[in-house]
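Please look at the sequence and the structure first, and then consult the points below.

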Amino acid sequence: MRKLLIVLGTLGLFAGPVVAQDLMIDPATIDFVAIDADANGSVSYDELVVVIPELTPEAFAQADADASGDLSDEELNAFVEMHASTGDAM
Ligand SMILES: [Ca+2]
Ligand SMILES: [Ca+2]
């Protein structure tokens, strides 16, 4: 039993840096209309970082598939699916 705890502790140390760069989003918190604060039909970095505080400009740029500078409904959905924190199917 003691040996198992030591193994788990070692794994925990190695898992640290990986978690830091992995963005986890709960799809239930993402509502395009609510996030689009100025209702211009697209979500800017400033609007999205309000609901995803861990969001980096790099991650936002990756989500912006057509490099328009903001996210359409489709781009946001694809981004959220890619980083969904809940893997279970309903
Ligand atoms: Ca907007
Ligand atoms: Ca875009």
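Leaving aside residues up to four places away in sequence, L48 touches I35, V43, L55, F60 and L71; two residues are in contact if their C-beta atoms, placed from the backbone, lie within 7 Å. The structure is a predicted model, in which local features need pLDDT of at least 70, side-chain atom pairs count only at pLDDT 80 or more, and totals for chains, interfaces and linings use all residues. Residues are numbered from 1 along each chain as its sequence is written, while chains are lettered from A and ligands numbered from 1 in the order in which they are written.

**Confidence**

- The mean pLDDT of the protein is 84, and 72% of its residues reach 70 or more; pLDDT is the predictor's confidence in each residue, from 0 to 100.
- Over residues 15-20 pLDDT stays under 50, and for these residues the model has zero contacts beyond four places in sequence.

**Overall architecture**

- The protein has five helices and zero strands, where helices (H or I, at least four residues) and strands (E, at least two) are DSSP runs, numbered from the N terminus.
- Along the sequence, the pattern reads α-α-α-α-α.
- Of the 90 residues of the protein, 12% count as buried; a residue is buried if 20 or more other C-beta atoms lie within 10 Å of its own, exposed if 12 or fewer, and partly exposed in between, with C-beta atoms placed from the backbone.
- Among contacts between residues at least 6 apart in sequence, 52% join residues at least 24 apart.

**The nonpolar core**

- The largest nonpolar core consists of nine residues, namely I25, V43, L48, I52, F60, A63, L71, L76 and F79.
- The elements that contribute two or more residues to this core are α4 and α5.
- A nonpolar core is here a set of buried Ala, Val, Leu, Ile, Met, Phe, Trp, Tyr and Cys residues joined through C-beta atoms within 7 Å.
- In soluble globular proteins, nonpolar side chains tend to be buried together.

- I25 lies in the loop between α1 (2-20) and α2.
- I25 counts as buried because 21 other C-beta atoms lie within 10 Å.
- Apart from residues up to four places away in sequence, I25 touches I30, I52, V80, H83, A84 and S85.
- I25 and S85 are 60 residues apart along the chain, yet their C-alpha atoms are separated by 5.3 Å.

**Exposed residues with positive phi**

- A39 belongs to the loop between α2 (32-35) and α3 (45-51), and its phi is near 50°, a positive value in a residue other than glycine.
- A39 is exposed, because it has 7 other C-beta atoms within 10 Å.
- A67 belongs to the loop between α4 (57-63) and α5 (73-82), and it has a positive phi of about 55° although it is not a glycine.
- A67 counts as exposed, because it has 6 C-beta neighbours inside 10 Å.

- V50 is placed in helix α3 and is exposed, with 12 other C-beta atoms within 10 Å.
- The C-alpha atoms of V50 and I35 are separated by 8.0 Å, and the two residues are 15 residues apart along the chain.
- A65 is found in the loop between α4 and α5 and is exposed, with 12 other C-beta atoms within 10 Å.
- A65 and L76 are 11 residues apart along the chain, and their C-alpha atoms are separated by 9.8 Å.
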